[in-house]
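Dear colleague,

Please find below the model that I promised to pass on, followed by my notes on it.

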Amino acid sequence: MSAPRLEIDLDKIHHNARMLVVLLAERGISVTGVMKAALGSPEIAGALIRAGVRTLGDSHIENIEAMRRTGLPAPMTLMRSPMLSQAHRVVTHADVSFNTELDVISKLSSAAQKARRTHGIVLMVELGDLREGIMPGDLKGTVLDTLRFPNIALRGIGTNLACRSGVSPDARNMSELSALAGSIEAAFGLAVDIVSGGNSANLDWALSGADTGRINDLRLGESILLGRETLHRRQIDGLHTDAITLVAEVIESKVKPSQPWGEMAQNAFGEKSPATDRGPISQTILAVGHQDTDPGGLLPPPGIEVLGASSDHLIADCRCCFSIGSEITFQVNYSALLRSMTSPFVEKVCKGQSGRVPVGATAFPGVLDVVLDAHQSPRSN
């Protein structure tokens, strides 16, 4: 088996998803499974669907197209505002998209008319994190204009917190979103079917026993894949944090000084950080680097410390010398997972039965098919 590789335990992912689906169902909230860190993997998507996840969401239409090709039986939501240049693809493959701009909705309307489809819209509202969103005072005007577009169905409203600025979901901003849903219904005489309160950062609030109001959907990715809430990166009780791990191979193992010598300048990534002299160390180099993952997001086993990385080398201090060709397994944070999943040089290996996909589906038919074919074909056990 080649390295570096991501080892993906589908049964652990299914367990994480199922627990969150059940816990949130008790609060009247359904789960949209966020697939952007999974590169449209039908195996992972299958695990989520079997766990009770109702909708699959992604920020890239390419991943949604990849999942569509496998025949996955779930509605698909594009969770980033569509690009004008991709409007036709969006209405063809996504059931719903998140939107903030009337120019984009107009383009989706035109594309939907040509495709003879009705496309669902969720209007995203700005509640303080200052990423995407319509200002609350402008929402009713945007709703009014959206309702005028043919082949467009207003499905609901949503918000996003804790992604750009780290603003925490709480009773105040969630109540505001609920109130906005009610005011739209009262003003326009329509039903707001989806009130999407946010992402994995909402779990502390949603499971605290607080009044959830009109919030009936959360978009969960990291909490399912890595078993952690995203405000403080604490493990969620009962969930696995090692459902996905990165395995790297040792290519050098030598005793070396810990302090570099010579005139010091910037390294390959523009950094200049003097190393601490700790005397001779057992320095191990693994065949993985910035091009494959986020080295700062790797958690090594006990007795191993990651010292640094270049584009294709990871340098570690180990208590003993590893034999050449041996492998070390790291847990990953969300940043490391995201980068590793999209690297064509990292193999993806699935195990477990919870992610079986419909007949005819293929393993990982993601957006990097052409690149992967040129290097290595991902496979599942």
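**Notes on the model**

Arginine 233 sits in the loop between α9 (222-226) and β10 (244-256), where helices (H or I, at least four residues) and strands (E, at least two) are DSSP runs numbered from the N terminus. Although it is not a glycine, arginine 233 has a positive phi of about 60°. At 43% relative accessibility, arginine 233 counts as partly exposed, given that buried means under 20% relative accessible area, exposed over 50%, and partly exposed in between (1.4 Å probe, protein chains only).

Before going further, please note that this is a predicted model, in which local features need pLDDT of at least 70 and side-chain atom pairs count only at pLDDT 80 or more, while totals for chains, interfaces and linings use all residues. Residues are numbered from 1 along each chain as its sequence is written, and side-chain values use heavy atoms, with hydrogens and water left out.

Leucine 39 also has a positive phi, of about 55°, without being a glycine, and its place is in the loop between β2 (30-34) and α2. Because its relative accessible area is 4%, leucine 39 is buried.

Helix α2 (residues 42-50) is itself mostly covered, with seven of its nine residues buried; these are Pro42, Glu43, Ile44, Ala45, Gly46, Ala47 and Leu48. Glycine 52 follows α2 and has a positive phi, near 105°.

Threonine 70 is in the loop between α3 (61-69) and β4 (76-78), and it counts as buried because its relative accessibility is 5%. Its side chain reaches the backbone oxygen of methionine 67 at 2.8 Å, a polar contact being a pair of N or O atoms within 3.5 Å, where within protein one must be able to donate a hydrogen and the other to accept it, and residues adjacent in sequence count only if both atoms are side-chain atoms.

As for the chain as a whole, it has eleven helices and 17 strands, and 49% of its 381 residues count as buried. Among contacts (heavy atoms within 4.5 Å) between residues at least 6 apart in sequence, 67% join residues at least 24 apart. The C-alpha atoms fill a box of roughly 75 × 45 × 40 Å, taken along the principal axes.

With best regards
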